[in-house]
Amino acid sequence: MGQYRMLVDVTKCIGCYSCRVACQMENDLPPDQSYISFCEVEKGEYPNVEWVMHRFSCLHCEDAVCEKVCPQNAISYSQTGAVVVDQEQCIGCEYCEKNCPFGRAKVELCQDKEGNSVSRANKCTLCNGKVLEGMTPACASTCYTEAIVFGESDEILQKAEQRLAEVKDRYPDANIYNPEGVGGTHTIYLLAHKPEEYDLESDATTPASAIIWKDYAQPLGKLLLGATTMAVIGGAISNRLFNKGEHHEGGE
Amino acid sequence: MLKPVSRRSFIKASAATAAAVSLTSFDMHSWMASASADEKAAISKIPTTCNGCSSQCGMIAYTKNGRLWKLEGHPDHPRSKGTLCARGHGYATLIYSKERLEQPMKRMENGKYEPISWEQAFKEIGDKLKEIIKEHGPESVALVQDPRPTGNVYATRFIKALGSPNYYTHHVACNNSRDTGFNHTIGGVPSADIANSSYIMFIGRSYGDGIRPSSMSALAQAKENGAKVIIVDPRKNNTSPFADQWLPIRPGTDLALVLAMAHILIEKDLYDAGFIEDHATGFEEFKKEVKQYTPEWAEKVTGIDAQTIKTIATDMAQLKPKAVIEQSWRGAFGCNYKNSTETGRAVALFNAMLGNIQQEGGYIFGASAGLGDLDPDQFPAPQEPDAVKDGEEDFPLAPRGRGVANIVPLRAKEGKMKAAFYHHSNAALGYGNPEYYKEALNEMDLVVTIDVQMSETALLSHYVLPEPSYMERDDAVDGVGGGTAAVVLRQKAVDRVHPNTKPADEIFTELAKASGVGEYFTFTLEDYNKAAVEPLGITMDELREKGSIPLEDKKAEIGTVPEFNTPSGKVEFASQTFEDAGFNAVPTWIPPLVEPKNGSYRLTTGKQAIHSHTQTANIPMLMQITKDYDLERLWMNRQEAKKKGIQDSDLVEVSSDSASSTVKVKLTDRLHPETVYIPSHYGITSKYLTTAKGVGFSYMEHVPFHFQPMSGCSMIHEVIVDVRKVDA
């Protein structure tokens, strides 16, 4: 169990995109790549309408499917609780992208140290390097409404419960999204509506097949066929085994 | 002061992401790659100020090997308080924009712009200016800017040195109407003490869209303390997560709502009679006037039911003085409607009736920094020009210092204004109808634009003079007023990318010399800055190190009602000045200039959190957000769209008497059915700004070139449009 968690309280998000840009700058991302995406939910009819903005990024699962399906062991758990990609090891096979239950792992064109164009997994790191140094992730530290807060795991869980109680009157369906099926997550959400309203599955899980794949089939296959062959055939197998999560994006 | 940072952490972070650089965007990847690839990167932190909007928040710039890496909000700056908005982070990448002005440009006879030397630019501009002044007098010259610290010192001095009174600011299309209303009632524009208020009403102003970080966090604080928050806006804006109630008012009728609320306070005897007795004049006249403005009358005008109006007015009175109508900024009565100045007066007076002025949780007149100035014996200042500023006789109530900038193109068409300087100002797209501006500026003998990119105004100029971006230059020391005043400095964070650019202090100094008034510009920026901080007991070295310094001995005095900056020294419920200018002494209902009917709509506009004016539209980091989420779309009420067979994201034609535009539509239940809403940052037409060109349309194309009678503002919401689906 890692030490830290992030709470995204969608009832406090004003959709200002400051977290996106702060994150891009912190992580040297270009304008068209972002670890954070947004969707908005409008409920009701004029003039009785509620508007909620949802800012979404990697959840950093305890039992991360991406970690299990990666044939290169390029994805690992940091002591902070973050799920991180080692881009030196990544070969851009897209298993993580295709199997993330939340559609958060992305493989994008990157540039390696020699300046070559390469495909690499690219996702939120929960600012692991900053956190290891005792600092706050870039998104949380620029959020003036405290829609994004970061801290010790237990304190954040308590904070989420406290906020849930506070917003229940206004949002009767409010809930904390911290799916047990993936062992819990290190970015948790206070949602104003049911997860399905944001295209999130209530019962997102790490499929048993992924566990079998990671813990049994891969080691056995590598033993019998060699690592390279196993990596090549893995794409086809994993794509059939696991479903790709899809999310609509949008927002104002 | 700052969060603890070790150099090692940055090296670690940069190593982890060194490869994560896109090939899809050449702009970013070239500089980001070289900033991050070197694991031995030298990290520096430079405190400076943002230029993403007029708030000019303090920020800390982090550089790697001399290139900008990232920014954080300055913890000691009263407006950022440690955080920054998206513009604060992203606009700074302007440094590395491929579409900046790199050298002085001159428009040739064939209409094309060609680079010239600074020497040639200064000489030709100076010669032309001397010729114009000789022939038509200094009153034929104007200078217009969106004020920034160096411009406040140098541009104002330059125009004065030429002998012209014609100095103007962008406020004609911002908050001139509000200020006209506030100035003539309570003598200025205070700030609402949001964090300590118990009941807050916003009229048009949205902290969640036109962001100042400290204001947004103050509102979050107020909510946590249990404050009630009401939003009055035809659009359920992005502040709504922090609001308890949305009043979807008919656009242009805010004045009726406030007059009816005043009516309730008087009818039920709920106002602060002691405050009125001691600090106000003309209240009896005001009482007589508002007798007719019943909540039932206001319901018919505004669409807000009478009982709601009564309840809100009564609740606010019960919580006074910790109840407040926030002072607003541009929306909804900064420059929007024919009645906006009257709305400004009514809002100021309603707050006065709550007795909240200079009270915790109410309206606070802030302390000012009290900067020093140049020694006039050593550096003689130019005399005040004899002539009256053009427009002052037409609009005597408008804020004098700022003037009415749209008088310049009007006088140009009349053949009276011959030369204009536009500094940090895209007036031709931002202040008034662009077609009108184009025709008018083409009539002038000399138009000079000083900017960082080839704006629409630059493209109407004879000469275009390039400044370094705000991240590459030092500016004049600035004071920030407020609960605790502060002194701040914008300073160079990275070396100039384009060495042939010049900062405004050098440009105006050289222009002055070339125009024969160089004797008023014998000082350097550093001379001015030393003089500015001198009375504060702070050295420039300290200010350079800290960037923002709160002045603990310059605090607003809370609890003591000040003498008001009005002719009577009191709150003026009836104003002789208004009467002298030909208007009613007391605020009176004025209907909007135009009304939608038979399926037409009022075109309304407002800010988005990721953009500022039109200046940020060409920044890839910010414009990409617009493109990712189609933020340039026209908002339309869902039921209204259904009537017209329009579906979400359909292409629609928006047509008015002035223009026709095509754009995608966003259907929403967050909008009053009588209006369609367009974000105010789009419709760039300059071919030199390829990231922005062709995205969305400019509302200003539809705004007729007209003046609000009291303040001279642009009346940007007095536009009726038809909307129809464009057949595929």
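**Notebook: chains A and B**

I began with chain A and counted 8 helices and 10 strands. I note at the outset that this is a predicted model.

**Chain A**

I looked up burial next. Chain A has 252 residues, and 60% of them count as buried.

Then I turned to contacts. I took those in chain A with a separation of 6 or more; residues 24 or more positions apart account for 64% of them.

The accessible surface of chain A is about 9900 Å². Carbon and sulfur atoms hold 48% of that area.

How confident is the predictor in chain A? The average pLDDT is 88, and 83% of the residues score at least 70. I marked residues 243–252 of chain A, where the pLDDT is below 50. In the model this stretch still has 42 contacts beyond near neighbours in sequence.

**Chain B**

I moved on to chain B. I found 22 helices and 27 strands there.

I checked its overall dimensions. Along the principal axes, the C-alpha atoms of chain B fill a box of roughly 70 × 60 × 55 Å. Does the radius of gyration fit a compact globule, or depart from one? For 728 residues, a compact globule would have a radius near 27 Å. Chain B has 25 Å, so the value agrees with a compact globule.

Burial came next. In chain B, 65% of the 728 residues count as buried. I also looked at contacts between residues at least 6 apart in the sequence of chain B; 75% of these join residues at least 24 apart.

The accessible surface of chain B comes to about 24800 Å². I noted that 46% of it belongs to carbon and sulfur atoms.

I then looked at charge. Chain B carries 79 positive and 92 negative charges. Their mean positions are 6 Å apart.

**One residue: B:Asn339**

Where is B:Asn339 found? I located B:Asn339 in the loop between β13 (323–325) and α13 (340–353) of chain B.

Is B:Asn339 buried or exposed? Its relative accessible area is 1%; buried means under 20%, so B:Asn339 is buried.

Which residues is B:Asn339 in contact with, leaving aside neighbours within four places in sequence? I listed B:Gly252 and B:Leu255, then B:Trp589, B:Ile590, B:Pro591 and B:Pro592.

Technical notes. Residues numbered from 1 in each chain as written. Chains lettered and ligands numbered in written order. Predicted model: local features only at pLDDT ≥ 70, side-chain atom pairs only at ≥ 80, totals over all residues. Heavy atoms only, no water. Helix = DSSP H or I, 4+ residues; strand = E, 2+ residues; numbered from the N terminus. Buried < 20%, exposed > 50% of the residue type's maximum accessible area, 1.4 Å probe, protein only. Contact = heavy atoms within 4.5 Å. Areas by Shrake-Rupley, 256 points an atom, 1.4 Å probe, with all protein chains shown as cover. pLDDT = per-residue confidence, 0-100. Rg over C-alpha atoms; globule rule 2.2 N^0.38 Å. Lys, Arg positive; Asp, Glu negative; His and termini not counted. Charge placed at Lys NZ, Arg CZ, Asp CG, Glu CD.
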